[in-house]
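Please study the sequence and the structure before reading each solution.

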Amino acid sequence: MKKILLSLLLVLSLVSFSAMAQTNTATAAATASAMTSTNAGPKDPTMEQRLADLEAYVNNAGRAADTATNNVKSNISGPGPGHNVWQMTSAALVLFMTLPGLFLFYGGLVRRKNVLSVAAQCFFITGMVTILWWICGYSLVFHKGSPFLGNLDFSFLKGVDSSPNGDYSYWVSQNVYSMYQLMFAIITPALIVGAIAERMKFSAICLFMTLWMFVVYFPQAHMIWGIDGFMNGVFNADAKIKAIDFAGGTVVHMTSGWSALILCLILGKRAGFGKFNMAPHSMVLCMIGTGMLWVGWYGFNAGSAVAADVIAANAFTTTTLATAVASFVWPMAEWLVRGKPSVLGFCSGAVAGLVVITPACGFVTPTGAVIIGIAAGLVPWFFCYKVKGWFGYDDALDTFGVHAVGGTLGALLTGVLARNTANSNLATNLSKFVTDSAAQPLVVEQIKAIAITLVLAVVGTTVIALIVKALLGLRPAEDQESAGLDLSDHGEEGYAP
């Protein structure tokens with residue numbers, strides 16, 4: 001494995017130098033072209049066009065002067081400062097969800113001998129995904145290409161500068177947008193860690209997560225969010241499936257959750273599962289992590305409006321309502337059934353509410369959010385409380401019960417509860433699908449998207465896991481697992497003896 005890592009570092013260095021050379025060549029060519037150009041520059045916009053540009057900025061619409069005739073160029077050629085700062089803040093909030101939010105949430109739920117292994121896995125994924133995003137990930141997801149995958153014209157973030165990309169935002173710098181979407185790409189594979197915690201060796205996780213990004217995440221994200229994506233019902237008039245997903249119900253939670261289930265089944269149960277106490281070692285850490293996830297999720301959901309506008313405001317409101325309701329309903333269900341409302345129940349309910357509202361937050365009304373919150377507090381709870389025991393699978397930290405079930409439920413309820421009054425963009429290409437009724441045609445489109453996402457995650461994960469198992473093996477030796485992954489994989493302990 002060390003030889004593989006050294007080889008990867010060497011390849012990365014060579015790729016970096018190559019990308020630098022390409023950038024320098026392109027810059028020199030552009031400069032020479034500009035110096036020799038004899039074309040007259042664009043005309044200044046009129047006062048009316050300037051005022052129209054200002055209105056466009058406030059309303060998050062396209063610049064008026066850019067669309068005018070007579071070679072007129074807007075004086076506001078760059079991003080809008082308000083929208084840009086909101087997007088940078090949102091990007092920071094989403095990274096905050098992984099580091100330290102997810103680490104503390106998951107780290108508190110594992111046994112003390114495995115707490116550092118969760119931190120290492122989150123940090124590795126953050127670095128690895130960032131490198132892939134720079135090399136080709138952003139391009140494969142957000143450049144035009146086929147309905148299933150973008151091309152490589154944005155590789156090494158070539159051309160991804162501070163100017164907005166009108167396919168995704170009129171007023172946010174494309175480099176800021178790319179960093180915002182990077183944070184989604186980071187947290188998605190990190191969620192898988194919860195199902196296979198305490199029993200998958202670090203080298204196997206490294207290879208699995210790298211391959212998973214190419215096989216599952218990049219195609220899924222392009223199909224749903226790419227401007228020419230196969231399932232981008234909001235903005236692609238030619239989409240074959242008219243699905244909607246505001247902030248990642250299918251892209252993030254379904255892909256990670258269903259992949260987590262398959263991987264934990266292939267791995268098998270933890271040594272001593274069902275025989276020894278495997279209770280969380282620190283509910284305090286878990287509670288702190290939950291609070292961080294909730295706060296960071298505002299960047300996740302409201303930030304997906306890609307502007308500080310009315311749609312972001314609605315997403316902020318619906319996220320709050322659904323999460324608070326679910327964090328109340330889950331422990332109340334526990335109280336009725338088991339006699340006590342647990343702190344873990346409050347934490348799990350909050351996360352479930354966040355998951356289920358994610359695909360719907362920018363498309364539903366406050367009342368729809370409350371309905372989603374109730375469903376999020378009951379359905380994932382039932383899977384974690386009963387279904388998990390019926391089938392006996394070892395989903396260590398309930399990633400399947402919360403993210404797969406919650407993401408699937410959220411995608412379905414989005415089809416039921418999406419309303420034009422919440423998001424006028426639904427009328428652009430979906431006027432025939434959103435009819436403000438529970439049985440609207442959009443529900444069928446959501447079911448199609450759910451089916452494709454499920455197949456991609458299940459088949460892709462199965463193939464990758466078997467390849468990694470054949471190459472490296474998936475599990476540590478039994479004595480290493482018994483001693484804990486902190487020592488066996490990293491040679492450290494989270495707590496002093």
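**Exercise 1.** Determine which residues line the largest cavity, and how they divide by class.

*Solution.* Step 1: the lining consists of M97, L102, F105, I187, L191, L293, W297, V351 and H403. On a 1 Å grid over the protein atoms alone, a cavity is a set of points where a 1.4 Å probe fits but cannot get out, and lining residues have an atom within 4 Å of a point. The model is predicted: local features need pLDDT of at least 70 and side-chain atom pairs count only at pLDDT 80 or more, while totals for chains, interfaces and linings use all residues. Residues are numbered from 1 along each chain as its sequence is written, and side-chain values use heavy atoms, with hydrogens and water left out.

Step 1: the elements that give two or more residues to this lining are α3 (81–109), α5 (174–192) and α8 (283–301). Helices are DSSP runs (H or I, at least four residues), numbered from the N terminus. The most is given by α3, with 3 residues.

Step 2: by class, the lining has 8 nonpolar, 1 polar and no charged residues. Here Ala, Val, Leu, Ile, Met, Phe, Trp, Tyr, Cys and Pro count as nonpolar, Asp, Glu, Lys and Arg as charged, and the others, Gly among them, as polar.

Step 3: the volume of the largest cavity is about 40 Å³, a volume being the space filled by probe spheres set on the grid points, which are joined across faces, edges and corners.

**Exercise 2.** State which residues line the second largest cavity.

*Solution.* Step 1: this cavity has a volume of about 30 Å³. Step 2: its lining is formed by I224, A243, I244, D245, T250, A411, Q446 and A449. Step 3: these divide into 5 nonpolar, 2 polar and 1 charged residues.

**Exercise 3.** Describe how helices α12 and α14 are arranged relative to each other.

*Solution.* Step 1: the axes of α12 (residues 399–417) and α14 (residues 442–471) come within 7 Å and cross at roughly 160 degrees. Axes are lines fitted to C-alpha atoms over the stretch in contact, and angles run from 0 to 180 degrees between N-to-C directions. Step 2: α12 is therefore roughly antiparallel to α14 (angles over 145 degrees). Step 3: the contact (heavy atoms within 4.5 Å) involves T408, A411, L412, T414, G415 and V416 of α12, together with L442, V443, Q446, I447 and I450 of α14. Step 4: the residues of this contact comprise 7 nonpolar, 4 polar and no charged.

How values were computed
Angles under 35 degrees count as roughly parallel, over 145 as roughly antiparallel, 65 to 115 as roughly perpendicular and the rest as oblique. On a 1 Å grid over the protein atoms alone, a cavity is a set of points where a 1.4 Å probe fits but cannot get out, and a pocket is an open set with protein on both sides within 12 Å along at least five of seven lines; lining residues have an atom within 4 Å of a point.
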